[in-house]
Amino acid sequence: MTLGENTVALKDPEVEDDAPADDDEEDEPEDIQVTIKESCQQNAECVKYKDALDSCNARVSSRKETEETCYEEVLDYVHCVDHCVAKNLFNKLK
């Protein structure tokens with residue numbers, strides 16, 4: 001048995017179509033971790049690791065066959081940002 005093109009979904013009689021949408025997003029407080037992470041990514045120490053990562057990515061992308069990965073550069077950059085966030089985040093939590 002197959003359903004035809006004119007199949008209509010049944011509506012739940014207990015659900016009103018005119019019900020207001022929940023505005024949960026407006027009630028949620030700002031995530032301070034995101035703000036701190038963005039500022040840490042601009043930190044002079046982390047920018048150094050980001051530049052090394054970008055350089056590695058450009059080098060790897062320019063080659064057709066290479067075994068080189070930028071794994072170490074990614075770890076260095078993420079570690080720097082995470083360390084900066086952890087240092088600053090817990091001072092601002094309530």
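Which residue forms a salt bridge with glutamate 68? Keep that in mind while we look around; the answer comes at the third stop.

**Before you click**

This is a predicted model, in which local features need pLDDT of at least 70 and side-chain atom pairs count only at pLDDT 80 or more, while totals for chains, interfaces and linings use all residues. Residues are numbered from 1 along each chain as its sequence is written, and side-chain values use heavy atoms, leaving out hydrogens and water.

**Stop 1: the whole chain**

Start with a cartoon view. Helices here are DSSP runs (H or I, at least four residues; strands are E, at least two), numbered from the N terminus.

Now colour by pLDDT, the predictor's confidence in each residue, from 0 to 100. The mean for the protein is 82, and 71% of its residues reach 70 or more.

The protein exposes about 8,700 Å², of which carbon and sulfur atoms supply 49%. Such areas come from the Shrake-Rupley method with a 1.4 Å probe, and for residues only the protein chains shown count as cover. Of the 94 residues, 13% are buried. Buried means under 20% relative accessible area, exposed means over 50%, and partly exposed lies in between (1.4 Å probe, protein chains only).

**Stop 2: helix H3**

Select residues 44-62 for helix H3, then show lysine 50 and aspartate 54, which both lie in it, four residues apart, or about one turn of the helix. They form a salt bridge whose closest N and O atoms are 3.2 Å apart. The term covers a side-chain nitrogen of Lys or Arg within 4 Å of a carboxyl oxygen of Asp or Glu. Side chains of opposite charge can pair when their charged atoms come close. Lysine 50 counts as partly exposed because its relative accessibility is 30%, and aspartate 54 is likewise partly exposed, at 37%. The structure holds four salt bridges.

**Stop 3: a salt-bridge network**

Select Arg59, Arg63 and Glu68, which are linked in a network of salt bridges. Here is the answer to the opening question: glutamate 68 pairs with arginine 59, with the closest N and O atoms 2.8 Å apart. Glutamate 68 also forms a salt bridge with arginine 63, where the closest N and O atoms are 3.2 Å apart. Check the surface around each residue: glutamate 68 is partly exposed at 27% relative accessible area, arginine 59 is partly exposed at 31%, and arginine 63 is partly exposed at 42%.

**Stop 4: along helix H4**

Move on to residues 71-92, helix H4. Its 22 residues should span 32 Å at 1.5 Å a residue, and its end C-alpha atoms are 32 Å apart, so the two agree. The expected span is 1.5 Å times one less than the number of residues.

Which residues of H4 are buried? Select Tyr77, Cys80, Val81, Cys84, Val85 and Leu89 to see them. What covers them includes helix H2 (32-41) and H3.

Tyrosine 71 also lies in H4. With a relative accessible area of 57%, tyrosine 71 is exposed. Draw a C-alpha to C-alpha distance from tyrosine 71 to cysteine 56: the two are 15 residues apart in sequence and 9.6 Å apart in space.

**Stop 5: glutamine 41**

Go to glutamine 41, in helix H2. Glutamine 41 is partly exposed, with a relative accessible area of 27%. Not counting residues up to four places away in sequence, glutamine 41 touches Val47, Tyr77 and Val81; contact means heavy atoms within 4.5 Å. Between the C-alpha atoms of glutamine 41 and valine 78, 37 residues apart along the chain, the separation is 9.4 Å. Across the protein, 60% of the contacts between residues at least 6 apart in sequence join residues at least 24 apart.

**Stop 6: a nonpolar patch**

Finish with Ile32, Phe90 and Leu93, which form a nonpolar patch on the surface with about 290 Å² of accessible area together. Patches are made of residues with over 30% relative accessible area and no salt bridge, joining like charges within 9 Å and nonpolar side chains (Val, Leu, Ile, Met, Phe, Trp, Tyr) within 5 Å. Phenylalanine 90 lies in helix H4 and counts as exposed because its relative accessibility is 58%.
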